[in-house]
Amino acid sequence: MKFRHLGRSGLMVSEISYGNWITHGSQVEEETARECVRAALDEGITTFDTADVYAATKAEEVLGRALEGVRRESLEICTKVYWPTGAGPNDRGLSRKHITESIHGSLRRLKTDYIDLYQAHRFDYETPLEETLKTFDDLVRQGKVLYIGVSEWTAEQIAQALKIADELGLDRLVSNQPQYSMLWRVIEAEVVPLSEKEGVGQIVWSPIAQGVLTGKYLPGRPPPAGSRATDPAGGGFISRMINEDMLTRVQELRPIAGDLGLTMAQLAVAWVLQNPNVASAIVGATRPEQVRDNVKAAGVKLDAEALKRVDDILGPVVERDPAKTVSPAKRP
Ligand SMILES: NC(=O)c1ccc[n+]([C@@H]2O[C@H](COP(=O)([O-])OP(=O)(O)OC[C@H]3O[C@@H](n4cnc5c(N)ncnc54)[C@H](OP(=O)(O)O)[C@@H]3O)[C@@H](O)[C@H]2O)c1
């Protein structure tokens, strides 16, 4: 495994992180979840990503049990707050009340005294940014949270938060968690340049485009049994990418991976890690073999010719519009 600094902070994260969205507490049984976590640890992954909302809080419980007994100092545990965790109007968003209540639930479920990286899962237009940042800062002072970050915030929102933190002497954001893959490059125009300047690192999600970039979804064929596209919880999220043009182009990436001696999944994960502003790629898995496959992308260098071949094939289907980074106008 290779490690990178998270933004300009002193924290090191593993180039590959393990995330449990859709899988733990939902798509996979607990025993399989444990095997995946075991495989991640065996392969040198130290950074684990979850959220209070995943599987309606069950994902944190499963991860907490799977990591029990592992030396705490050898792990970076990251979780998030914003999406609803209950039916009430205060069970969501980034208010002082919800953040304070949510962190205590996350600590309990993850069986830990502190969270290494606590992230605002989206921007909350209904809470003053000062309220959120002061609450995060309080959690850092209390030792419940070591670093703070955000997820899917625009460059403007990140800049605004950094400005307030500097003015008020509050802890600064060290990370953003955006979607980023060969197919989804919306952070490149604005978020990455701002982040590079300000020392914010990206921990990117869905680097394999939820499985699409493994090439296992074939054009004109039904999705393979047991894959995310067939899962009741996951199917809706992946459907945007299951179209003839996209899947045909993805198959054309095969010779590139082959020439480099990589699997398609490794090529996809290695691709996001070529961006120096990316600190880590979070991969999900429903089987331990997938973790063992994906992790081999750490440390892989792709040359300019390989990158150009990827661009030539995917060009027309790559999403680059920074306006695709959105948070709900009203809390969900
Ligand atoms: N901040 C946010 O808003 C946000 C949003 C989404 C995700 N995330 C984070 O990012 C993490 C990763 O997201 P993701 O699960 O969408 O990422 P991904 O790594 O792009 O996709 C993972 C899925 O692809 C399939 N897969 C993975 N490796 C494979 C391989 N080698 N061969 C074949 N299939 C393979 C598996 O699904 P099947 O076996 O079921 O096909 C697996 O669950 C999440 O767990 C979460 O921590 C954050």
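Select helix H3 (residues 96-109) together with helix H4 (residues 129-141), and look at how they cross: the crossing is right-handed, a word used when the near helix is turned clockwise from the far one by less than a right angle, anticlockwise being left-handed. The model in your viewer is predicted, so local features need pLDDT of at least 70 and side-chain atom pairs count only at pLDDT 80 or more, while totals for chains, interfaces and linings use all residues. Residues are numbered from 1 along each chain as its sequence is written, and side-chain values use heavy atoms, with hydrogens and water left out.

Two packed helices are described by the angle between their axes and the distance between the axes. For H3 and H4 the angle is about 30 degrees and the axes are 9 Å apart, where axes are lines fitted to C-alpha atoms, for helices over the stretch in contact, and angles run from 0 to 180 degrees between N-to-C directions. H3 and H4 are therefore roughly parallel to each other, since angles under 35 degrees count as roughly parallel, over 145 as roughly antiparallel, 65 to 115 as roughly perpendicular and the rest as oblique. Now show the side chains where H3 and H4 touch: Arg96, Ile99, Thr100 and Ile103 of H3 meet Glu131, Thr132, Lys134, Thr135, Phe136, Asp138 and Leu139 of H4, contact meaning heavy atoms within 4.5 Å. By class, this contact has four nonpolar, three polar and four charged residues, with Ala, Val, Leu, Ile, Met, Phe, Trp, Tyr, Cys and Pro counted as nonpolar, Asp, Glu, Lys and Arg as charged, and the others, Gly among them, as polar.

Select next helix H1 (residues 30-42) and helix H2 (residues 58-66), whose axes come within 9 Å and cross at roughly 55 degrees. That angle makes H1 oblique to H2, and the crossing is right-handed. On H1 the contact uses Glu30, Ala33, Arg34 and Val37, and on H2 it uses Val62, Leu63, Arg65 and Ala66; by class there are five nonpolar, no polar and three charged residues.

Move on to helix H5 (residues 155-168) and helix H6 (residues 191-198), where the axes come within 9 Å and cross at roughly 20 degrees. H5 and H6 are therefore roughly parallel, and H5 passes H6 in a left-handed crossing. Ala155, Ile158, Ala159 and Leu162 of H5 touch Val191, Leu194 and Glu198 of H6.

For the largest cavity, select Leu94, Phe123, Asp124, Thr127, Leu129, Thr132 and Trp153, which line it. On a 1 Å grid over the protein atoms alone, a cavity is a set of points where a 1.4 Å probe fits but cannot get out, and a pocket is an open set with protein on both sides within 12 Å along at least five of seven lines, lining residues having an atom within 4 Å of a point. This cavity holds about 30 Å³ of space.

Finally, select Trp21, Trp205, Ser206, Gln210 and Arg228, which lie nearest the centre of the largest pocket among its 49 lining residues. Helix H11 (288-294) and strand S10 (278-283) each supply at least two residues of that lining.

Technical notes:
Helices (H or I, at least four residues) and strands (E, at least two) are DSSP runs, numbered from the N terminus. Grid points are joined across faces, edges and corners, and a volume is the space filled by probe spheres set on the points.
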